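Hi there,

I'm passing along the structure we talked about. Have a look through it first, and then read my notes below.

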2 protein chains.
Amino acid sequence: MIENKNDECVCESCPHHLECGGKNVELVKRLSSTIISEEEAYYVSELFKSISDLTRVRILFSLLGGDMCVCDIAELVGVTQSGVSHQLRVLKQAGLVKYRREGKSIYYSIADDHVATILAMGLEHISE
Amino acid sequence: MIENKNDECVCESCPHHLECGGKNVELVKRLSSTIISEEEAYYVSELFKSISDLTRVRILFSLLGGDMCVCDIAELVGVTQSGVSHQLRVLKQAGLVKYRREGKSIYYSIADDHVATILAMGLEHISE
DNA sequence: TGAACATATGAACAGTAATTCATATGTTCA
DNA sequence: TGAACATATGAATTACTGTTCATATGTTCA
């Protein structure tokens with residue numbers, strides 16, 4: 001809780017807070033802006049958005065088991081080759097997966113341990 | 001890479017893998033199903049979906065600075081009281097925030113340190 | 001109890017995203 | 001080089017999601 005010395009809201013722009021006892025918005029605004037910028041918030045939301053689709057989550061957890069080429073992923077998650085390719089593009093742009101070409105095939109894999117940790121944290125959270 | 005002893009795909013349902021050298025889909029299917037179930041994948045996607053919206057991310061990071069009542073959050077993120085309330089419901093259902101009533105106001109806060117960690121991991125990832 | 005305030009909910013609209021089909025790009029090997 | 005295969009891309013459709021407005025629920029205090 002953030003309160004001024006009089007335990008009373010001094011915010012100019014929201015006089016109603018004098019009654020609701022809410023925190024001083026100006027103070028909060030200054031504080032929270034030091035925690036995360038508008039731009040950072042956007043990128044964070046974009047990051048999690050890329051893990052917010054069931055198909056993409058299934059792709060990511062499948063890749064935790066080892067690298068896979070696109071056609072294998074497609075069969076595993078039961079989506080069209082085209083569909084998987086579209087989703088892989090999203091994961092690629094978010095920096096969640098990397099890829100390498102091996103002949104005609106392209107193998108995708110989890111970008112780094114950091115990504116694996118985020119996935120593990122998510123799995124842990126829903127298990128509570 | 002998962003391969004059988006002959007280094008050759010034995011999958012019945014995808015004969016083309018004999019050429020592309022892809023992994024044995026049946027083996028992968030069995031392996032990855034031990035990592036995460038279909039139901040778990042769904043809940044994980046739902047969890048991250050709740051952090052995939054810019055407004056909700058801004059709400060969460062604001063709450064990292066301390067508890068806040070709905071009207072303060074609304075002013076801080078520049079959305080209608082109604083809009084914030086709708087988004088808080090999403091965050092509540094995902095177990096990301098908790099709340100307590102104090103008189104007429106309801107104060108929301110981050111559910112636990114686990115949530116703060118997930119947010120921090122996200123922020124860390126985009127900073128690479 | 002009723003007036004004032006804080007929050008929640010439902011409906012409607014607008015913007016966005018996931019999927020598929022058709023097709024293009026890129027690779028291998030005879 | 002050209003045929004066969006693997007992946008990527010564009011367009012179109014369908015479904016979903018975020019926002020606001022109007023209103024309902026719930027709390028406090030005179």
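Helix H4 of chain A, residues 54-64, is mostly covered, with eight of its eleven residues buried. Those buried residues are Arg56(A), Val57(A), Arg58(A), Ile59(A), Leu60(A), Phe61(A), Ser62(A) and Leu63(A). After H4(A) comes Gly66(A), which has a positive phi near 140 degrees. Please keep in mind as you read that this is a predicted model.

Leu60(A) turns up again in the largest nonpolar core, which has 60 residues. Together with Ile73(A), Val97(A), Leu60(B), Ile73(B) and Val97(B), Leu60(A) touches the most other members of that core. I also looked at what surrounds Val97(B). Setting aside neighbours within four places in sequence, Val97(B) is in contact with Leu63(B), Leu88(B), Leu91(B), Lys92(B), Tyr108(B), Ser109(B), Ile110(B) and Ala111(B).

Now to a place where the two chains meet. Helix H7 of chain A and helix H7 of chain B, each residues 113-126, have axes that come within 10 Å and cross at roughly 160 degrees. Angles over 145 degrees count as roughly antiparallel, so H7(A) is roughly antiparallel to H7(B). Their crossing is left-handed. On the chain A side, the contact is made by His114(A), Thr117(A), Ile118(A), Met121(A) and His125(A); H7(B) contributes His114(B), Thr117(B), Ile118(B), Met121(B) and His125(B). Of the residues in this contact between H7(A) and H7(B), four are nonpolar, six are polar and none is charged.

Happy browsing, and do write back with any questions!

Best wishes

Definitions and conventions. Residues are numbered from 1 along each chain as its sequence is written. Chains are lettered from A and ligands numbered from 1 in the order in which they are written. This is a predicted model: local features need pLDDT of at least 70, side-chain atom pairs count only at pLDDT 80 or more; totals for chains, interfaces and linings use all residues. A nonpolar core is a set of buried Ala, Val, Leu, Ile, Met, Phe, Trp, Tyr and Cys residues joined through C-beta atoms within 7 Å. A residue is buried if 20 or more other C-beta atoms lie within 10 Å of its own, exposed if 12 or fewer, and partly exposed in between; C-beta atoms are placed from the backbone. Two residues are in contact if their C-beta atoms, placed from the backbone, lie within 7 Å. Helices (H or I, at least four residues) and strands (E, at least two) are DSSP runs, numbered from the N terminus. Axes are lines fitted to C-alpha atoms, for helices over the stretch in contact, and angles run from 0 to 180 degrees between N-to-C directions. Angles under 35 degrees count as roughly parallel, over 145 as roughly antiparallel, 65 to 115 as roughly perpendicular and the rest as oblique. A crossing is left-handed if the near helix is turned anticlockwise from the far one by less than a right angle, and right-handed if clockwise. Ala, Val, Leu, Ile, Met, Phe, Trp, Tyr, Cys and Pro count as nonpolar, Asp, Glu, Lys and Arg as charged, and the others, Gly among them, as polar.
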